[in-house]
Amino acid sequence: MDEFYTQHDDIQKEVNAYLEYNPDTFRDKTVLLPCDDPEWSNFTKFFVENFEQFGLKKLISTSFAHASKNVFFNWKPTAFERNSTKYQPQLSSIRGKKFILDRETIKNKQIDIENLEWSYLKGTGDFREPEIKLLRDEADIIVTNPPFSLLREFIVWIFEGHKKFLIIGNVNIATYKDVFPRICNNEMWLGVTNYNTGMYFFVPDGFVYAPTYKFLREIDGTSVNRVAACCWYTNLEHGRRHEELSLMTENKNIKYSKHKEIKGIGYQKYDNYNAIEIPYTDAIPSDYDGIMGVPITFLDKYCPTQFKIVGATESEGKGFSNGLWNSDSGIAQPILNGKKLYKRLFIKKLQ
């Protein structure tokens, strides 16, 4: 995922939801795109196109030096860089670049990608370097598709700067030790785009598809790859996370549920956790007051005024189950009738 590029339409669809909730989400704000060379990435292009409409104060985009990472495609400087008087061949592949669009300096100029003021950074453009941290501290909102291999560290980096953010990640990071407590405390949450559909990302020329890959391979003549369970994480309010689930009572689920695991059987307790198993989000009983184990996919429907997330199944000794786990079992995965299940979140209905 470190060299996968987000589609323009996916950015627009997600960002529009925040503007529908609050049209001033980006007004008078400095937005930092810390992993987004406009020569390759659509994030910078998108925010340049909408600079005036969103009322941005400043847009800052940085890129990472291509020779500093394991690039699996034939990189070469683009015409954007080569045709500039600032172009320095000896720096092109070893230095990151900084691109800026500032309301104070553009005045009456036409706003487009060509108006970005750019310069070489002192370092590679790694977000952990001091000069990128200074840009983070200047910014109000951070928006990007960060390298998935560094996603955990990137989230910590954002919170160290106490910033608003909108980033792409995999749903499974929700149970990371640096993420899960923040979700429980409503310091971050899922964005609007439903991850169940997966997301298609542009990939470099020569990308090799897995033998089992069976999805779309091209959009408008450009190669793409579908990545399952991708979603947006944010601490920007979009309102839709406050839509409560419409649920049946426990008795009605047992009588009418469409799920064979529930209908006529009821809810079963885990062998090694003090909670009942809820195999599907729509099978959550509306009147159950105890602790319920739900799939991680519940996060896509999580309403913080309807339920409280009280824990998760154990791993790496994190203690996320908050005493619900019977450690004598020696098995962190939830077990139901002797069968191991995938990791679960534990929730409780709010009164």
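The model is predicted, so local features need pLDDT of at least 70 and side-chain atom pairs count only at pLDDT 80 or more, while totals for chains, interfaces and linings use all residues. Residues are numbered from 1 along each chain as its sequence is written, and side-chain values use heavy atoms, with hydrogens and water left out.

**Confidence.** Colour by pLDDT (the predictor's confidence in each residue, from 0 to 100). The protein averages 89, and 93% of the residues score at least 70. Now select residues 68-73, where pLDDT stays under 50. For this stretch the model has 15 contacts (heavy atoms within 4.5 Å) beyond four places in sequence.

**The helix pair.** Select residues 8-21, helix 1, and residues 42-49, helix 2. Helices (H or I, at least four residues) and strands (E, at least two) are DSSP runs, numbered from the N terminus. The two helices pack at an angle of about 55°, with their axes 9 Å apart. Axes are lines fitted to C-alpha atoms, for helices over the stretch in contact, and angles run from 0 to 180 degrees between N-to-C directions. Helix 1 and helix 2 are therefore oblique to each other (under 35 degrees is roughly parallel, over 145 roughly antiparallel, 65 to 115 roughly perpendicular, and the rest oblique). Show side chains: H8, I11, Q12 and V15 of helix 1 meet N42, F43, F46, F47 and E49 of helix 2.

Next, display the open sheet with the order 5-4-3-2-6-7-12-8 and mixed pairing; two strands pair if DSSP finds at least two bridges between them. Strand 5 (117-120) and strand 8 (189-190) stand at the edges, each with a single partner strand, so one side of each has no neighbour in the sheet. Inspect strand 6 (residues 141-144) beside strand 7 (residues 164-170): their pairing is parallel, over 4 bridges. I141 stands opposite K164 in strand 7. Helix 1 packs on this sheet, touching strand 7 and strand 12 (230-234), and its direction makes about 35° with that of strand 12. Helix 2 lies across several strands, including strand 2 (30-33) and strand 4 (97-102), and runs at about 165° to strand 3 (58-62).

Strand 15 pairs with strand 18 (residues 344-349) in the antiparallel sense over 5 bridges. Select A312 to find L345 of strand 18 opposite.
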